[in-house]
Every structure is written in structure tokens, then in C-alpha cells.
Amino acid sequence: MSSMNRILDGDVLVHHLTEDERMIDPDLLARHGRAGRTLVKDGPLRLTIMGIAAGGVLPAHSTDAPVTVHLLEGEVTFNALGRDYPLTTGDVLVFAPGIEHSARSEKGGTFLLTVIYLGHPPATA
């Protein structure tokens, strides 16, 4: 399962994710407690499907860009500014640039992470 590198090749991109494209690599998920797949990487825009295993943790981190999290399935609790934000399927959470946050999940969950890099986009690999 490789990441998709989808650029916007017009004014609008519509892509209906197949079950395979929504799948998080189970080996990576089991080994690291978290895994992700890039869906769109175009200029400042990054869309990534992220999975957190049951009992998994996403360590504290921040970015200089605004971040949105849309929980697609399961339950994930984010922590920012000393407060927990428990999310269930369908919930959306938004972080301003520079806000340190972490996540954990008792039962596991999958979410769509969107980041818009303001100013200079990060170097591409």
C-alpha cells in the first residue's frame, strides 16, 4: 500500500476513496501504534489518512500551519493546551498554527488530517 501523490490538475479534484485506499498498513499500525497514507500533496496542501491502533499514541508535536482532523471511524482523544478533546466518528477538530497537540486511542480510530502550509511549503522528499 503506497501513498498516493495526487496533485490538483484542475480547479476541482474529486476522488472517491476505495476501501483499499482507506486501508492503513496493518503491520505498521501494529508495530508503531500509528500509521498514515498521503492522499494529496500539492504545494502547501497535505491530506493524509491516519490510523491509531487500540492503545496507540501520537506523541506531542506541532506545526507552523493550521491543522484539521476529521474522525472517519473509531474514537480518538486529542490533547492540546492542557485539555482533552475526545472525538467520535464525524467530529472535526481544528488547531491554529503552532499549537502543540498529541493523540491517543483506547479502541483505535482513523482520521483525515489536513494541513495547509502558509508561507513556504516544506521541502519535498
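The largest nonpolar core of this predicted model holds 16 residues, and Val-69, Val-76, Phe-78 and Phe-111 have the most contacts inside it. A nonpolar core here is a set of buried Ala, Val, Leu, Ile, Met, Phe, Trp, Tyr and Cys residues joined through side-chain atoms within 4.5 Å; buried means under 20% relative accessible area, exposed over 50%, and partly exposed in between, with a 1.4 Å probe and protein chains only. Two or more residues each come from β2 (45-52), β4 (67-80), β6 (92-95) and β8 (109-116).

With neighbours within four places in sequence set aside, Phe-78 meets Val-69, Arg-83, Asp-84, Tyr-85, Leu-87, Leu-93, Phe-95, His-101, Ser-102, Ala-103 and Phe-111.

Now for the bookkeeping. Residue numbers start from 1 along each chain as its sequence is written. The model being predicted, local features need pLDDT of at least 70 and side-chain atom pairs count only at pLDDT 80 or more, while totals for chains, interfaces and linings use all residues; side-chain values use heavy atoms, with hydrogens and water left out.

Overall, the protein has two helices and eight strands, running α-α-β-β-β-β-β-β-β-β from the N terminus. These elements are DSSP runs numbered from the N terminus, with helices being H or I of at least four residues and strands E of at least two. Of the 125 residues, 33% are buried. Among contacts with a separation of 6 or more, 62% link residues 24 or more positions apart. The accessible surface is about 7,600 Å², with 53% of that belonging to carbon and sulfur atoms; areas come from the Shrake-Rupley method with a 1.4 Å probe, and for residues only the protein chains shown count as cover.

Gly-108 sits in the loop between β7 (101-104) and β8, and counts as buried because its relative accessibility is 12%. Its contacts beyond four places in sequence are Ile-52, Ala-53, Ala-54, Gly-74 and Glu-75. Gly-74 lies 34 residues from Gly-108 in sequence, yet their C-alpha atoms are 5.8 Å apart. Thr-63, in the loop between β3 (57-61) and β4, has 19% relative accessibility and so counts as buried too. Leaving out residues up to four places away, Thr-63 touches Pro-97, Gly-98 and Tyr-117.

How values were computed: Contact = heavy atoms within 4.5 Å.
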